[in-house]
Amino acid sequence: MSTPTLERLDRNPPDERAGASGMRTDIQALRALAVMLVVVYHLWPGELTGGFVGVDVFFVISGFLITGHLLRDAERKGGVSLVQFWTRRAFRLLPASLLVIVVTMAGVLAFVGEDQWRRHGQQALASGFYVQNWVLSASSTDYLASSESPTAFQHFWSLSIEEQFYLVLPVLFVAVLALSKTRWRAAFFAALVAITGASLWWSIQLTATNSAAAYFVTTTRAWEFGIGALASFVRPRHLARISPAVAWVGIAAIVVSAVTFSGQTAFPGYAALLPTVGAALALITLRHDRVFDAVTNTRPVQLIGDASYSIYLWHWPLFVIAPFALGRELGFLPRLGILVLSIVVGWLSMRFVETPFRARGFARWRTRSGAAVAAGIAGVLVLSTAGLGLVQQREQQAADQVQDALSGADRCVGAPALGRSDCPAPESLTPSLALLPKDDGNRGDCWTGQGSSEFKRCTLNDPAKPAKRVIALGDSHSNSLIPAYEKAAKALNWRFEASGKAGCYPTTADIEVVDRDVTACETWRKDVIDQVAKDDSIDIVVMTRNEASPTELTPEKRRGIEAGMREAWSRFTRAGKQVIVIQDVPNLGQEPLDCVARNGVAASTECTYGQDAAFPESRQTLRDAAEGQRGVTFVGVEDSFCVDGRCPAVIGSVPVFFNPGHLSKTFAATWGPQLASKLRDAAQ
């Protein structure tokens, strides 16, 4: 999965009136288009690369309908009741969403591996309290290009933004009414223009520097609601003059963005203007031609539009949990089945959950409906808390198990067990699945995160009379080797330091990165090269990096990458230092982790991968750059991870990775003695 990537669609209920004329079937059709774009994108991201824009369409629809509702209430009643507004919203949205959270968490505990329980439990709570988007932003989870698999709750990020919109917009409106008794309409319009403009400016700025965070935060998305809100100010008499062709232009803009955008598109930023303006054009068009009406007024289109909220809520958990429940990756037919099941379950949810609460929720909010919503909230809290408590208990047990394993010299635990026929079949994983996501060997004092350019270096071993003085430099793939560096340094009696930065490594070439702060990376690597080259206390520079490029490497790009590293390394060698280049570890993405989660201890034999896939020729720029360069030695590591052409995801009961492409702390520590031997040979 990618990651953009999840969305929420405010499905204001089907009976929501956009004007005095009654139901706007074209809006229901626009909802149907938006939800199908999102669902198809999630199921077949390679076929509809920009389908994530469906969520932007829904943001515009929400701004249009909710603002129109507030304006009409103020004109008819002279004001707006915040309690009544929020209560109606709660009963229209909470029942279905709480049901999905409870059922999904139960499905996670039943089918998904323990390694993912903690993240799911945390995000279930975040989703239930509508702060999921801020949780994802804080962790810089990039839905379009994430290194972690999305949880079954990740799509609640957009629902969270919409709930925050529902909280803030009415308060702003009431404040304007209080401050401007006579010209409140103009004052509210001016306030929306200012907020929309400021949010769009910020969206453009943050997308350019950190699009992973920009994708999720409310402040970079508020302008999309604002476009819809401003469109609702157009008077019906003016709307009647708009040509029917405008609706087709709007639909075309949405479809073009869905077909041409991709995970490489800087989004939201400028790019989001295309689908959002397109949605606004469709909304302000009241008159349509016969062809438009013939398509939008069909029963299937209206049914999907009516059930779009529930379809969206259910499709993503079904898609995420299905591979675990079935025990295999999803092919075309299972994905098609999820599409059909999402529509069926979505319709049932709309018919028997959304509609009953919508019809009588406000009138009975103190009685049965209120009790049902309260029960849903309690269910979310109980299941999420129970899941997290169980994870905590398992983690403590697994931590003790890991310490016992690493304290001895058992050659059947971890890296030394590769290829040994005399080791017994493992009875459990070390660490267990519950602890695996936290089995990270990186250290904060060795690490420069996104947005920072500080050259942070930590000491891993500092003997009184070191045989060599070494520093390891690179990105997260280098820093995941810290436990191995520590073991190797002690075995070799080397003083050993480490320094790493997210997505960055020593090179003089431009680095192709996705959703990283390019300026901070450039500053960091320049400082690293300058300071290490001048540091006479360093004898050896150890270097490795993530060789999985975000895009396909052309021969020209490959030559540029290699030339940049060679030039950086030459700065070190000219200063009298040796450079040891360690081959990148296998990077097979999320699949080995999912396989281990599905198979548990049996993953030792069930989850193995071809050596050509683990170490493809396309990811050998480190080797090729080191070849023939004086003072630079390349260290291959394939024999540490593969035997007889196969590379297991679990070696000696120890999972090799704790997340995609990064060695687990436990495995790295067991690999330390082998790495020491390789470094000793290279240094000689």
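Predicted model: local features only at pLDDT ≥ 70, side-chain atom pairs only at ≥ 80, totals over all residues.
S5 pairs in the parallel sense with strand S3 (residues 469-474) over 5 bridges, and glycine 474 has threonine 544 as its bridge partner. Strand S6 (residues 578-582) also pairs with S5 in the parallel sense, over 4 bridges; here valine 542 stands opposite isoleucine 580.

Across the whole structure, 22 salt bridges were found. One of them joins the side chains of arginine 221 and aspartate 56, with an N to O distance of 2.5 Å. This pair links distant parts of the chain, 165 residues apart: arginine 221 lies in the loop between helix H7 (184-214) and helix H8 (222-231), and aspartate 56 lies in helix H2 (residues 54-77). Arginine 221 has a relative accessible area of 0% and is therefore buried; aspartate 56, at 0%, is likewise buried.

A salt bridge at 3.9 Å (N to O) connects aspartate 73 and lysine 77. Both residues belong to helix H2 and are 4 residues apart, about one turn of the helix. Aspartate 73 is buried at 10% relative accessibility, whereas lysine 77 is exposed at 56%.

In the salt bridge between lysine 678 and aspartate 639, the closest N and O atoms are 2.9 Å apart. Lysine 678 is in helix H26 (residues 665-683) and aspartate 639 in helix H25 (residues 638-641), so the pair ties together parts 39 residues apart in sequence. Lysine 678 is buried at 17%, whereas aspartate 639 is exposed at 53%.

Conventions: Residues numbered from 1 in each chain as written. Heavy atoms only, no water. Pairing = 2+ DSSP bridges. Helix = DSSP H or I, 4+ residues; strand = E, 2+ residues; numbered from the N terminus. Salt bridge = Lys/Arg side-chain N within 4 Å of Asp/Glu carboxyl O. Buried < 20%, exposed > 50% of the residue type's maximum accessible area, 1.4 Å probe, protein only.
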